[in-house]
Amino acid sequence: MTESALWGEFEHFVDDKGRIVMPADFRAMLGAEVVLTRGPDHALLLLPLAVWQEVERSLRQAVLAGEEGVLQRMLGGRFQTRVDSHRRIAVPRHLREWAGLRLGGRAVLIGQGRKAEIWSPEHWQRYNETFTTERVLQAARAAGVEALLRDPRPPQP
C-alpha cells in the first residue's frame with residue numbers, strides 16, 4: 001500500500017444496522033478486512049488489517065512507557081470486520097457511541113494515507129473549528145512547507 005492510498009473527505013449514511021458504505025476511492029486500498037478503534041477527539045480510526053497489525057505491535061510497547069490508557073482505548077475497544085459484498089463495514093454500538101454516530105445519521109470519512117477516520121458531522125465540525133491560521137502555519141512550519149502556504153505568487157501554468 002502506498003502512502004497516498006486513502007485521501008479525501010466523504011459523507012455517507014449510517015444505515016439502520018450500523019453499517020457505512022466505504023467511499024469508492026477507499027475500497028481497493030482497504031482490502032477485505034479492516035479494524036476499527038477509538039481515535040482522538042471522538043473519531044474512529046479505520047485501518048486495513050495489515051496496517052493495524054503494525055500499529056498493534058507499536059501500541060504494545062506503550063505499556064513499557066506507562067501508557068496503559070492507550071492500550072485500553074485502542075486495543076480493548078478495537079473491532080475487526082470484513083467489508084461486505086455491498087462495500088459496507090459494520091460499526092458496533094460501543095464504537096458508534098464513542099464517535100456520536102446515530103443509526104440513520106451521517107458519517108464523515110476522512111482519508112489520511114494509511115488510515116481513515118470516521119467522524120460524526122458534529123464532532124468533525126467542532127474539531128475543524130480548532131484550526132486557526134496560526135495552528136495551520138505552525139504545523140506547516142514543523143513540516144517544512146510554511147513557505148508554500150505563505151507564497152503569494154499565483155501558480156504557474
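Me: How many bridges join β1 to strand β7?
Reply: Eight bridges join β1 to β7 (residues 106-113), and the two run antiparallel. Just so you know, this is a predicted model, where local features need pLDDT of at least 70, side-chain atom pairs count only at pLDDT 80 or more, and totals for chains, interfaces and linings use all residues. Residues are numbered from 1 along each chain as its sequence is written, and side-chain values use heavy atoms, with hydrogens and water left out.

Me: What counts as a strand, and when do two strands pair?
Reply: Strands are DSSP runs of E with at least two residues, helices are runs of H or I with at least four, and both are numbered from the N terminus. Two strands pair if DSSP finds at least two bridges between them. Strands of a sheet pair through backbone hydrogen bonds, either parallel or antiparallel.

Me: Which residue in β7 stands opposite Glu 9?
Reply: Ile 110 does.

Me: OK, zooming out. What is the order of the six strands in the open sheet?
Reply: The order is β1-β7-β8-β4-β3-β5, with antiparallel pairing.

Me: And which strands stand at the edges?
Reply: β1 and β5 (79-82) do; each has a single partner strand, so one side of each is left without a neighbour in the sheet. On average, neighbouring strands of this sheet are turned by 25 degrees against each other, direction ignored. Angles like that come from axes, which are lines fitted to C-alpha atoms (for helices, over the stretch in contact), and run from 0 to 180 degrees between N-to-C directions.

Me: What about β3, how many of its six residues are buried?
Reply: Five of the six, and β3 (residues 33-38) is mostly covered. Buried means under 20% relative accessible area, exposed over 50%, and partly exposed in between (1.4 Å probe, protein chains only).

Me: How many bridges does β3 have to β5, and how many to β4?
Reply: Four bridges join β3 to β5, and five join β3 to β4 (residues 44-48). Both pairings run antiparallel. Val 34 stands opposite Thr 81 in β5 and opposite Pro 48 in β4.

Me: Which residue in the hairpin of β3 and β4 takes a positive phi?
Reply: Asp 41, with phi near 60 degrees; the hairpin has five residues between the strands.

Me: New topic: how many aromatic pairs does the structure hold?
Reply: Four. In one of them, the rings of Phe 10 and Phe 26 have their centres 5.3 Å apart and their planes at 85 degrees, so this pair is edge-to-face. Rings of Phe, Tyr and Trp (its six-membered ring) pair if their centres lie within 6.5 Å, and planes under 30 degrees apart count as stacked, over 60 as edge-to-face and the rest as tilted.

Me: Which parts does the pair of Phe 10 and Phe 26 tie together?
Reply: Phe 10 lies in strand β1 (residues 6-13) and Phe 26 in helix α1 (residues 24-30), so the pair ties together parts 16 residues apart in sequence.

Me: Is Phe 26 buried or exposed?
Reply: Phe 26 is buried, at 0% relative accessibility, while Phe 10 is partly exposed at 21%.

Me: How are the planes of Trp 119 and Tyr 127 set?
Reply: That pair is tilted, with 35 degrees between the planes and 4.9 Å centre to centre. Ring pairs link Trp 119, Trp 124 and Tyr 127 into a cluster. Trp 119 is buried, at 1%, and Tyr 127 is partly exposed, at 23%.
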